[in-house]
Amino acid sequence: SLPCQPSRADASRWMADAIRTHVGEVEDEDLELLKQDEMDNEEDDGCDGIFSDSDEGEDTHEKVPKDHGREGEDMAFAETEKKQQQQQQQICVSKPASVPKPIEDPDISHLTSEDFKHVYSPSEDTFLLLDALNIDCEFLRKRFRLPPLKMSQTPSSSSNKGEEDNGESKNNKVFSVQGKEGDVDSTVCVEVGVGSGMVLAHAARLLSCQGYFLGVDINPEAAARAKATLRANKVCNSDVVVCDLLMPFNHRLKNKVDLMLFNPPYVPTPSSEIKEGGLAAAWAGGSKGREVLDRLLPSIPSILSDKGVLYLVTVEENDPEDISHIMAKYGFESKEVVKRRAANEGLAIYRYVRNTMKGSIE
């Protein structure tokens, strides 16, 4: 996570800078020479430039002819540069094509670069959490007694017609649900640290807006933008409240929350930065990036319902195994739903459910 992300363009630039720091700076002219050399000499091994296990541990200097002097040094340099570029390509990989996408991402076109000066801009951790919800879409709908999603019209046929059904956008009409009115549970969904509202809006649409959707954030600027996002995505029966974690709701929501989402401020920082407020509240996590999360963990058993599910964003520095150990003491099973390396962050989304329900994790 980055302390300030006013635009996706800036985020991309910062990520590129982080990648260069990790794999070493490569001059533009050297890259051009390397690309030309690869086009002339690289064999097609089906790896598409991704660093393979067979390349690990190779001594590039063994490929240098001992009696070729400068030419041999150039070959060794080119081989090293090639491996650096392959590592860079590997780090840049973002969304695997295998991640299912039952619905389109929420519309946040109403938010501008000016808005993202005050609220955390959706980034790799945000989209990884969306991926986790997409992967678990049918798991969640079955758990909350919602009928399966049924494709009623393909995006291509919709775009060919170039028209809207009943004034709804394409995102809202690609999928419909099977089942009769009244045969579903009323789901209570809460996102702690709602930010821009993108994740909460996505969760609501995955659940066909069946239930009540609450977002909380300590940053008033974020709460205002989240409200606008829920409104733009037609999420009814929802509220956004400015508060510290779930402090005002601990009693009112006792064992009533079916789905909890939390992308905590996970960046390890000095503890003093947590108190700065504003945008810093979205990323400053104190010691091990865990200080805010550790305040919430003890209240989760009394907040989640018997069928309740928690989705949590973590990075390696947070010690996810220790978090799972703590949750196990509270009677919860954990599962890593999806993970990804984004620049210098090892991101992972974990799912927690009570271990009293048979087959709860699978």
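## Contacts around Leu 133

Contact here means heavy atoms within 4.5 Å. The model is predicted. Not counting residues up to four places away in sequence, Leu 133 touches Leu 140, Val 199, His 202, Ala 203, Leu 206, Leu 261 and Tyr 311.

## Nonpolar cores

In soluble globular proteins, nonpolar side chains tend to be buried together. The largest nonpolar core here holds 46 residues. Leu 133, Leu 140, Leu 259, Leu 261, Val 309, Tyr 311 and Ile 349 have the most contacts inside it. Helices and strands both build this core: α4 (124-135), α5 (137-143), α8 (198-206), α9 (220-232), β6 (257-262), β7 (304-315), β8 (332-342) and β9 (345-354) each give two or more residues. The largest share, seven residues, comes from α8.

## A loop residue, Thr 269

Thr 269 sits in the loop between β6 and α10 (291-296). Is Thr 269 buried or exposed? Thr 269 counts as buried because its relative accessible area is 13%, under the 20% cut-off. Beyond its neighbours within four places in sequence, Thr 269 contacts Trp 283, Ala 284, Gly 285, Gly 286 and Ser 287.

## The second largest pocket

The second largest pocket has a volume of about 570 Å³. Its lining has 39 residues. Gly 193, Asp 217, Pro 265, Ala 281 and Ala 282 lie nearest its centre. At least two lining residues come from each of α4, β3 (187-192), α8, β4 (211-217) and α10. By type, the lining comprises 22 nonpolar, eleven polar and six charged residues.

Terms used: Residues numbered from 1 in each chain as written. Predicted model: local features only at pLDDT ≥ 70, side-chain atom pairs only at ≥ 80, totals over all residues. Heavy atoms only, no water. Core = buried A, V, L, I, M, F, W, Y, C linked by side-chain atoms within 4.5 Å. Buried < 20%, exposed > 50% of the residue type's maximum accessible area, 1.4 Å probe, protein only. Helix = DSSP H or I, 4+ residues; strand = E, 2+ residues; numbered from the N terminus. 1 Å grid on protein atoms, 1.4 Å probe; cavity = no way out; pocket = protein on both sides within 12 Å on 5 of 7 lines; lining within 4 Å. Points joined across faces, edges and corners; volume = space filled by probe spheres on them. Nonpolar A, V, L, I, M, F, W, Y, C, P; charged D, E, K, R; others polar.
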